[in-house]
Amino acid sequence: MLRNLIVKSNKNQIFQNVFKQSSYVKYNYAEAQSSGENTDLILNFSSPEFSVADNLKVKSVNVPSTTGRFGIMPNHIPTVAQLCPGVVEVETADDVQKYFISGGFLTMHNSSVCDMTSTEIVPINHLNRDSAVKNLEIANKNLSTAQGEEEKALAQIAIDVNQAIIHGIDGTYT
């Protein structure tokens with residue numbers, strides 16, 4: 001039904017009309033925390049292979065997203081974000097744990113629950129900087145000799161991931 005409407009009319013007008021008429025659209029904004037609100041952020045962080053956190057109480061989470069790095073704290077505005085290769089920092093009461101992810105998705109719920117998924121999660125201290133530098137050199141060479149668009153895209157992905165690994169190990173990620 002929506003497809004037919006889009007074909008027959010201007011897209012922006014269609015979505016504006018749908019949102020105006022919808023009872024499901026609700027905008028949530030971050031507000032000052034009152035004394036009765038939840039002061040813990042509950043984190044669920046997993047890959048297909050294993051779970052890093054399952055209902056873990058944390059102070060904050062900092063993530064790399066396609067729109068830049070940002071932090072999540074208790075009572076954060078509900079958010080959905082696409083994650084890009086980079087370092088996830090999980091701050092607990094005792095320490096900060098750092099993980100390298102290959103990308104993924106984050107959903108922050110209104111109830112101070114943060115769900116993150118990634119296809120690959122590696123503790124940052126399990127990565128080898130020298131290997132990443134060598135892989136980066138190979139990826140740059142592959143990019144310069146790539147014949148087609150697919151080869152160029154694969155080489156660029158390898159460059160982006162290895163640069164993110166090096167920045168993560170060095171602590172210079174942005």
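How many bridges join strand 3 to strand 6, and do the two run parallel or antiparallel? This tour comes to that pair after a view of the whole chain.

**Before selecting anything**

This is a predicted model, in which local features need pLDDT of at least 70, side-chain atom pairs count only at pLDDT 80 or more, and totals for chains, interfaces and linings use all residues. Residues are numbered from 1 along each chain as its sequence is written, and side-chain values use heavy atoms, with hydrogens and water left out.

**Stop 1: the whole chain**

Display the protein chain as a cartoon. The chain contains 4 helices and 10 strands; helices (H or I, at least four residues) and strands (E, at least two) are DSSP runs, numbered from the N terminus. Along the sequence the order is α-α-β-β-β-β-β-β-β-β-β-β-α-α.

Next, show the surface. The protein chain exposes about 11,400 Å², of which carbon and sulfur atoms supply 51%; accessible areas come from the Shrake-Rupley method with a 1.4 Å probe, and for residues only the protein chains shown count as cover. Of the 174 residues in the protein chain, 29% are buried. Here buried means under 20% relative accessible area, exposed over 50%, and partly exposed in between (1.4 Å probe, protein chains only).

Contact means heavy atoms within 4.5 Å. Among contacts in the protein chain between residues at least 6 apart in sequence, 50% join residues at least 24 apart.

**Stop 2: strands 3, 6 and 7**

Select residues 60–65 for strand 3, 86–91 for strand 6 and 96–101 for strand 7. Strand 3 and strand 6 are joined by 3 bridges and run antiparallel; two strands pair if DSSP finds at least two bridges between them. Within this pairing, V61 stands opposite V90 of strand 6.

On to strand 7: 6 bridges join strand 6 to strand 7, and these two also run antiparallel. The bridge partner of V90 in strand 7 is Q97. A hairpin of 4 residues connects strand 6 to strand 7. Strand 6 is mostly covered, with 5 of its 6 residues buried.

**Stop 3: the largest nonpolar core**

Show the side chains of L43, F45, V61, V88, L106, C114 and M116, which have the most contacts inside the largest nonpolar core, a set of 18 residues. A nonpolar core is a set of buried Ala, Val, Leu, Ile, Met, Phe, Trp, Tyr and Cys residues joined through side-chain atoms within 4.5 Å. Among the elements that give two or more residues to this core are strand 1 (41–46), strand 2 (51–58), strand 8 (104–108) and strand 9 (113–117). Strand 1 gives the most, with 3 residues. In soluble globular proteins, nonpolar side chains tend to be buried together.

Centre the view on C114. Leaving aside its neighbours within four places in sequence, C114 is in contact with L41, I42, L43, N44, I72, L106, T107 and M108. A second, separate core has 10 residues, including L136, A139, A164 and I165.

**Stop 4: the aromatic pair**

Select F45 and Y99. The structure holds 1 aromatic pair; rings of Phe, Tyr and Trp (its six-membered ring) pair if their centres lie within 6.5 Å, and planes under 30 degrees apart count as stacked, over 60 as edge-to-face and the rest as tilted. The ring centres of F45 and Y99 are 5.7 Å apart and the planes lie at 80°, so the pair is edge-to-face. The pair links distant parts of the chain, with F45 in strand 1 and Y99 in strand 7, 54 residues apart. F45 is buried at 1% relative accessibility, and Y99 is buried with a relative accessible area of 12%.

**Stop 5**

Select residues 149–170. Helix 4 has 22 residues and reaches 31 Å from its first C-alpha to its last, close to the 32 Å expected at 1.5 Å a residue; the expected span is 1.5 Å times one less than the number of residues. Its buried residues are A155, I159, N162, A164, I165, I166 and G168. These pack against strand 6, strand 7 and helix 3 (129–145).

S144 belongs to helix 3 and is exposed, with a relative accessible area of 60%. S144 and A155 are 11 residues apart in sequence and 8.9 Å apart in space, C-alpha to C-alpha. K152 belongs to helix 4 and counts as partly exposed at 35% relative accessibility. Leaving aside its neighbours within four places in sequence, K152 is in contact with L143 and A146. The tour ends at G171, which follows helix 4 and has a positive phi, near 75°.
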